[in-house]
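Please keep the structure in view while I talk.

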Amino acid sequence: AAQPPQPHITILPSPGLGHVTPLLELANHLVTHHSFKVSFLLYPSDSSTASDQLCRPATLPSDLHIIDLPPPDFSNIAVDDNDFVSHPPIPPVCTLIIDHPVTVLVVDMFFIDAIDVANELSIPTYLFFTSSTNLLAFSFYFPTLDQELNGDFSDLQMINIPGCKGMPVTDMFDILFDRRVLPMITRFAEVAGILVNTWEELEPITLHAMRENPFFVQRPPATATPPVYTVGPVIKMNEPVTETTHRCLTWLDKQPQNSVVYVSFGSGGTLSSEQIIELAWGLELSKQRFIWVVRRPIDSNASATYFGGDGENNPVEYLPEGFLGRTKEVGLVVPSWGPQVAVLSHLSTGGFLSHCGWNSVLESIPNGVPMIAWPLYAEQGMNSWFLVEDIGVAVRAVGAEQRSVMRREEVARVVRMVVEGEEGKVTRCRTIELQQSAKRALDCGGSSSLSLSQVAQSWKTQPKN
Ligand code: UDP
């Protein structure tokens, strides 16, 4: 009998490493474990070679095709340093889908409007959510909250999403209340299903709440929350091995177990000169070992910006005088880009001072590395609250939520605490418990593995268009 045609999935990530890498990993998994053919549509990247290598690995399975899109046309887009608001226009998926008929379209949050193209072609759209269930639940609840408060959030103290733990507004940065995201997030309810990069035991309460409370009920056109599938942690498995990777790993090999704090603010986080100086002094005062991925300071904004770019980066120009010499026995300074997954999976790494981007969270916990939460922008404040107050895998760098400059004494305190303090020990134990639950979720028969198989199976039985 003739073989049925191989199901073809088109995946549309939005630009930015935090979006492209988990979706590419998902693509890889769908091809390797579920025999799909996948087209992965990619806008050209304007970032560093290191991050570009991550988006375009040298080897890919033969059924995974990266399709290069023409550079996006930003002429009609207002550019904002808030990546929740400004993102490139929907690429021309339509012609690609017609040329190579697809079974299912998987989109990233910023490209939710591609659902219109899929609807015209009677193809179901699934959303792959690259952040936490907390943010997803908030996205579903926000339109209701906005309606209830008439768009005025000034007196709001706590966010009480039905069925979830209350979250203080001070832990959520203002941009989460940016009403310009409403048209985008209200459309999340229109998809056939949502795949979330999390696992059941990480966010049980919020997942339960999402499944039980149809937050959207009173908002047309959707009537209920679409099915939510937990498929994570989906994290990059292979990093390109560079000279920096080699340098970091050789250095880590010589350090005691759990003794090194890895310091990094994600693919885009940058600090002011003043903050970099305080952080350097704090690391030095802590007398702990560290690997620090440093970016050139951006001083146009007092604390942090996203689309800063790094250009030429010589840390001697902006680190305190003599810092590199004085700390050379205990620290390694890596300009611009660090092999994060390789460092976090090394046994000598005992803490992660992080901006709490969701991918960083998902890379830290499954490696049993407790965090120091230092959120900078976007939903990182919410992630930080979750890590510290809800699941207890991070200690809080006090002051980050005020976006003021973190002083050296506080940096030294939290770095010492995570490596050798009592609170650090408790945090490490909790991280190890969740590390084990992540492993169970991904194992054959585990919750995430079953959930993805269930979705994959439903895609295979999808009527052909
Ligand atoms: N990353 C890395 N090296 C760096 C900085 C970032 O490998 O020096 C990777 C990191 O491992 C993660 C991603 O970039 O996979 C950052 O994603 P996250 O969601 O943590 O933060 P974002 O960059 O989106 O703010």
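Helix H12 gives the most to the shell around the ligand, with 4 residues; helices here are DSSP runs of H or I with at least four residues, strands are runs of E with at least two, and both are numbered from the N terminus. Before I go further, this is a predicted model, in which local features need pLDDT of at least 70 and side-chain atom pairs count only at pLDDT 80 or more, while totals for chains, interfaces and linings use all residues. Residues are numbered from 1 along each chain as its sequence is written.

Staying with the ligand, 18 residues surround it, and the closest are Gly-18, Gly-266, Ser-267, Gly-357 and Ser-360, where a residue is near if its C-beta atom, placed from the backbone, lies within 6 Å. The elements that give two or more residues to this shell are helix H1 (17–34), helix H11 (340–344) and helix H12 (358–364). By residue class the shell divides into 5 nonpolar, 12 polar and 1 charged, with Ala, Val, Leu, Ile, Met, Phe, Trp, Tyr, Cys and Pro counted as nonpolar, Asp, Glu, Lys and Arg as charged, and the others, Gly among them, as polar.

For the chain as a whole, there are 16 helices and 17 strands, and buried residues make up 46% of the 465 residues. Buried means that 20 or more other C-beta atoms lie within 10 Å of the residue's own, exposed means 12 or fewer, and partly exposed lies in between, with C-beta atoms placed from the backbone. Among contacts between residues at least 6 apart in sequence, 73% join residues at least 24 apart, a contact being two C-beta atoms, placed from the backbone, within 7 Å.

Which helix shows burial well? In helix H13 (residues 380–390), 9 of the 11 residues are buried, so H13 is largely enclosed by the rest of the structure. Those buried residues, including Trp-385, Phe-386 and Leu-387, pack against H5, strand E7 (167–168), H12, strand E16 (371–373) and strand E17 (394–396). H13 is followed by Gly-392, whose phi is positive, near 65 degrees.

By contrast, His-246, which sits in helix H8 (residues 243–253), is exposed, with 12 other C-beta atoms within 10 Å.

Let me turn to two helix pairs. The axes of helix H5 (residues 133–148) and helix H7 (residues 204–212) come within 9 Å and cross at roughly 30 degrees, which makes H5 roughly parallel to H7. Axes are lines fitted to C-alpha atoms, for helices over the stretch in contact, and angles run from 0 to 180 degrees between N-to-C directions; under 35 degrees counts as roughly parallel, over 145 as roughly antiparallel, 65 to 115 as roughly perpendicular and the rest as oblique. Thr-133, Asn-134, Leu-136 and Ala-137 in H5 meet Thr-206, Leu-207, Ala-209 and Met-210 in H7, and the residues of this contact divide into 5 nonpolar, 3 polar and no charged.

Helix H14 (residues 408–420) and helix H15 (residues 422–442) pack at about 55 degrees, with their axes 6 Å apart, and are therefore oblique to each other. Their contact is made by Met-417, Val-418, Val-419 and Glu-420 of H14 with Glu-423, Gly-424 and Thr-427 of H15, and divides into 3 nonpolar, 2 polar and 2 charged residues.
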